[in-house]
Amino acid sequence: MRTAVVLSTLLSASLVAASPVQWPLGLLSKYQVWDNTQTAMDGYDIHEKRLVQFGENESPIWVSEWEKIKFKESGINFMDITDTQDLGFSLFSGDSKRLSAVTYPSPNSTVLVKKVIKSLSTEGPLENLQKFTSFTNRHYRSETGKQSQKWLLSKVDSLTKEYAPDSLLPFVSITEFPHKWGQNSIVAQIKGNSDELIIIGAHQDSTSFLPFLPAPGADDDGSGTVTILEAYRALISSGIRPQKTVEFHWYAAEEGGLLGSRELAQDYERRGALVYAMQHFDMTAWVKKGTQEVVGILTDYTDSSLRKFVTELVDEYLSIPWADTQCGYACSDHASWTQAGYPAMMAIESLFGDSNPNIHGSRDRLDISPEFSFTHMLEFSKLAVALVIELGFPKE
Ligand code: BES
Ligand code: ZN
């Protein structure tokens, strides 16, 4: 914290008069690991004005990119709504094509869920997370943030080729959802017979309190990223074509104020897409010393029917119990889908207060403490598998 104060003084002194992204020299010499290309972040105008909102019912205000960075540093939470101001319009315009009052069945695909869950492993997540955290950071405006996204894309692609049987391949598509900041979101779709969608999400970007500092983001949200990748691998390996259409999303730029997921949710809402359930995973690996292992069920900005269904899945298929918890603000991408009027849920590693204290810095590493657990993470892959099969697969 002391360092943060020193740095921020340094920054405010040298940045006020700076032209677009002249990162302060004092900082660069202090952290000698970056070259100019890394810190340049082409096109990142820290004076650019952005419209941000601090809470659901608060009026949005215009601030600079630099002020956004300072908010993040001070722990002030915001959504950047500049390019997605009409998100949720259909709730008010009455032309919503969404499914009204979705209800969910009780779990009953027991045999198939258990079979696919058995094929889950911690091996892939460990290997993938080692690679994913080896990028200096995965900031949505950084060069390494682009590289990590391309690596993830190629990983989804190669897993698909390796694990999906030929009979399923015609129904699988892997696409980039482009964003103007450079790091794209990724969508892997398994097309079902129906257009109703089941979405499983995680965010791929990471951040430190300054955009170009190291941010391995092992837990936030490398853990969610590899959790859902493992679930995806297991589901396509089953070779079964779903009844509903299933999508896996890896969002860009969550840390910039839910930017990536808001653009996707806006696009789906404008197209009148029928989202039956959206389940998000942000931080799935940390078990605080001395606490009981649980699946945290977020009760704010989530759908109550979907939440209840997810708790039934946990009871039925997971080895650990669930516990209700709250962020108290729109803390991740599930909130974008909730705002668009779709039923969304988010599961986290613990009670909010017991979550990983190392996020948003260089200590968010997978080898920092035995509290980082791949077996805990695997419970969340089980949840993703169970949800997709129970809601999306043909009945046995
Ligand atoms: N993973 C965090 C949210 C979180 C924190 C979930 C602790 C569970 C426990 C997420 O990446 C994040 O940092 N969110 C921002 C807000 C967002 C709107 C930019 C935050 O919490 O500051
Ligand atoms: Zn975060």
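A polar contact is a pair of N or O atoms within 3.5 Å. The model discussed here is predicted. Ligand 1 has 18 residues around it, and the space it takes is the largest pocket. The structure also holds one disulfide.

- The side chain of Glu254 places an N or O atom 2.8 Å from an oxygen atom of ligand 1, which falls within the 3.5 Å limit.
- For Asp220, an N or O atom of the side chain is 2.9 Å from an oxygen atom of ligand 1.
- Tyr329 has a polar side-chain atom 2.6 Å from an oxygen atom of ligand 1.
- Ligand 1 taken alone exposes 520 Å², and the protein buries 94% of that area.

**Shell around ligand 1**

- Sorted by class, the shell comprises eight nonpolar, five polar and five charged residues.
- Both domain 1 (7-80) and domain 2 (94-392) contribute to the shell, with at least three residues from each.

**Disulfide**

- A disulfide is a covalent bond between the sulfur atoms of two cysteines.
- Cys327 and Cys331 form such a link, and their sulfur atoms are 2.2 Å apart.
- The link of Cys327 and Cys331 is right-handed, with 65° about the S-S bond.

How values were computed. Residues numbered from 1 in each chain as written. Chains lettered and ligands numbered in written order. Predicted model: local features only at pLDDT ≥ 70, side-chain atom pairs only at ≥ 80, totals over all residues. Heavy atoms only, no water. Near = heavy atom within 4 Å. Polar contact = N/O pair within 3.5 Å; in protein donor to acceptor, adjacent residues only side chain to side chain. Areas by Shrake-Rupley, 256 points an atom, 1.4 Å probe, with all protein chains shown as cover. 1 Å grid on protein atoms, 1.4 Å probe; cavity = no way out; pocket = protein on both sides within 12 Å on 5 of 7 lines; lining within 4 Å. Sits in = over half its atoms within 2 Å of the grid points. Nonpolar A, V, L, I, M, F, W, Y, C, P; charged D, E, K, R; others polar. Domains from an automatic or database assignment. Disulfide = S-S within 2.5 Å.
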